[in-house]
Each structure stands twice: as structure tokens, then as C-alpha cells.
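Here is a short briefing to read alongside the structure. Have the viewer open and follow the topics in turn.

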Amino acid sequence: MRTPRRLFLVLGLGVAGAAAAQTPCLEAPVAGMACIPGGPFPRGVNTGKHAPARPQAEVWVQTFYMDTHEVTYGDYKACEKEGRCGKGGPNYRDFDNPRQPINGVSWYDAKGYCEAHGKRLPTEAEWEKAARGTDGRLYPWGNEPATCERAVIQDSRGRSCGKKQRSKTHADVGRPEPVGTRPPNPYGLYDMAGNAWEWVADWYTPSWKACGEACLGVDPKGPCEGREPCPGHTEKVVRGGSWFWPASYATSVYRRPHVPANRPIFHHFGFRCAASVEQARALATRPP
């Protein structure tokens with residue numbers, strides 16, 4: 001059982017106590033997921049133009065698991081057909097390849113999908129650690145800028161690295177590529193930069209400084225511990241950039257807000273799921 005962050009603080013254990021209580025990865029593999037070992041990492045930045053990612057601070061997350069790939073159109077629609085997931089998805093043509101990441105779902109639909117599969121949305125701290133590791137890199141692969149060899153982004157050829165959408169009116173909008181077309185990061189996670197923006201669990205705050213204590217310490221969950229309603233907070237967070245945006249958005253630190261209902265302003269956001277060690281253990285022993 002994970003010891004809550006506040007209990008560590010009450011006991012005076014802080015990060016050192018959390019480290020002593022670090023949960024190991026499971027011996028048995030969990031299909032489609034990678035283990036992210038617990039421990040500290042440098043979240044955010046102190047320089048650059050992206051004020052919402054300031055200031056940098058050391059935070060600590062307990063061991064958890066993350067989907068190696070973004071949830072696909074095929075997987076989401078299968079869940080929808082089974083009646084376990086809400087109806088959602090893209091409004092453009094050429095977004096329905098079964099291996100493309102699902103796009104155009106609300107935060108609630110993303111949350112519901114993860115829960116239907118015995119998982120949950122990652123916290124913002126978990127997502128950032130999974131994307132950048134523990135050495136402070138700005139991108140999943142290191143500190144070299146995003147290119148189309150490393151991520152599905154907009155470059156000089158256009159959106160989605162110049163690939164056109166099969167549409168007479170929206171060809172230049174581009175499209176996400178099937179998941180896993182670019183190399184994985186050191187944790188074995190694909191498309192943590194580019195391809196599709198990904199919903200995370202936390203409510204948005206204009207900066208880490210503005211968030212304060214709720215975004216610090218051990219296993220931070222952001223304002224209101226992620227609960228609803230959260231007075232003063234109306235937007236959730238997406239991370240990672242997408243095929244539609246240039247390299248400057250495809251970093252491990254860029255934070256973007258949007259209303260969780262994804263309407264009336266509709267955006268093509270996707271997601272991937274995470275799991276605690278306890279959830280991962282149940283998944284590893286679940287019959288195929």
C-alpha cells in the first residue's frame with residue numbers, strides 16, 4: 001500500500017523517508033506497460049520562454065507503470081463498442097486507422113477508459129518523469145531539439161512531417177501517425193513527444209510556483225489532489241505536443257491547459273494510462 005505524501009510529511013520523513021519506502025518493480029511483466037522506478041527527478045525548468053514550467057524543483061514519485069504506447073483508435077473504439085467507454089473520437093477524416101492514437105476524446109472519456117482497464121490517468125509529475133527521466137533532459141531522447149526523425153511534429157514540410165490528410169478541404173491539417181513509429185525513450189515509452197497531446201490527471205495551474213505545496217513533495221497530484229470540484233480551477237492539462245504543432249511544443253516540460261469536457265472548443269487530444277504497482281500486479285495476474 002502506498003504511503004500518502006502527507007503522511008510522510010507528518011512523520012517528518014520527507015523525501016528521504018519516501019526513498020526508504022520505495023516500492024520495487026514487479027518481477028512479472030505487465031503487458032503493454034513499462035515500470036518507472038520510484039525516486040526523485042527535476043521537474044520543470046528555470047530558464048526558457050515557458051513560464052508555466054517554472055521554477056524547477058525536485059519532486060519524488062513512487063514506482064508506477066505507464067503504457068508504452070498512446071491508446072489507439074482501435075482499442076478505444078473496442079471499449080466503446082463493449083459499452084465500457086463513452087462515445088468519443090476524432091472529427092476529421094483519416095484519423096481512424098486502428099493503430100493511430102485516439103484523438104478528440106474528453107478528459108472524462110480518457111479517465112473512464114483507463115479505469116475500465118484497471119488503470120488510471122498519470123499525474124502530471126508521473127508523466128514528466130516518465131518522459132524525461134532523472135537527468136533533467138528537455139526531451140525524451142536528451143537535449144537535442146525535436147526533429148521528424150525523433151517525433152511526429154510540424155516541420156518545414158508542414159504538419160505531421162509533411163504528410164497530408166486524405167481530405168479535399170483539410171489536407172494540410174495533417175494527421176497523427178500509427179503509434180510507435182519513432183524510437184522509444186530509455187524507459188521504453190513511445191511518442192512521449194509529438195504525435196498526440198496526452199491528457200493527465202491534474203488540474204492546471206499557471207505555473208509550478210502558483211501551484212505551491214500541492215505540486216511539491218512526494219507523489220504530488222496538483223490542486224485539490226485532483227478531486228472534483230476544485231474551486232478556482234476549471235482546466236486540466238495535456239502534455240507532449242502533437243503532429244499539428246512545431247518542435248517547441250514537443251518537450252518534456254511544456255504544459256497546455258484545456259477544459260476537461262473538450263467542448264465547446266474541440267481539440268484533438270489523446271492519452272495513455274498509468275497504474276500503481278498494486279494495479280499493475282492485478283493486471284499481471286489477470287487471465288488473458
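Let's start with a pair of helices: helix 3 (residues 73-81) packs with helix 4 (residues 107-116) at an angle of about 80 degrees, and their axes lie 11 Å apart. Angles of 65 to 115 degrees count as roughly perpendicular, so helix 3 is roughly perpendicular to helix 4. Please keep in mind that this is a predicted model.

**The helix 3 and helix 4 contact**
- Helix 3 brings D75, Y76 and C79 to the contact, and helix 4 brings D109, Y113 and A116.
- By type, the residues of this contact are four nonpolar, no polar and two charged.

**Confidence**
- The protein chain has a mean pLDDT of 93, with 93% of its residues at 70 or more.
- Residues 1-13 have a pLDDT below 50, and this stretch has 23 contacts in the model beyond near neighbours in sequence.
- Where pLDDT is low, predicted coordinates should not be read in detail.

**The largest pocket**
- The volume of the largest pocket is about 430 Å³.
- Its lining has 21 residues, and A31, G32, D67, H117 and K119 lie nearest the centre.
- That lining divides into ten nonpolar, five polar and six charged residues.

**Backbone points to look up**
- E228 and P229 are joined by a cis peptide bond with omega about -10 degrees; P229 sits in the loop between helix 6 (208-211) and strand 6 (236-239).
- D219 is found in the loop between helix 6 and strand 6, and its phi is near 50 degrees, a positive value in a residue other than glycine.
- R263 and P264 are also joined by a cis peptide bond, with omega about 10 degrees; P264 lies in the loop between strand 7 (255-258) and strand 8 (269-270).

Methods: Residues are numbered from 1 along each chain as its sequence is written. This is a predicted model: local features need pLDDT of at least 70, side-chain atom pairs count only at pLDDT 80 or more; totals for chains, interfaces and linings use all residues. Side-chain values use heavy atoms; hydrogens and water are left out. On a 1 Å grid over the protein atoms alone, a cavity is a set of points where a 1.4 Å probe fits but cannot get out, and a pocket is an open set with protein on both sides within 12 Å along at least five of seven lines; lining residues have an atom within 4 Å of a point. Grid points are joined across faces, edges and corners, and a volume is the space filled by probe spheres set on the points. Ala, Val, Leu, Ile, Met, Phe, Trp, Tyr, Cys and Pro count as nonpolar, Asp, Glu, Lys and Arg as charged, and the others, Gly among them, as polar. pLDDT is the predictor's confidence in each residue, from 0 to 100. Contact means heavy atoms within 4.5 Å. Axes are lines fitted to C-alpha atoms, for helices over the stretch in contact, and angles run from 0 to 180 degrees between N-to-C directions. Helices (H or I, at least four residues) and strands (E, at least two) are DSSP runs, numbered from the N terminus. Angles under 35 degrees count as roughly parallel, over 145 as roughly antiparallel, 65 to 115 as roughly perpendicular and the rest as oblique.
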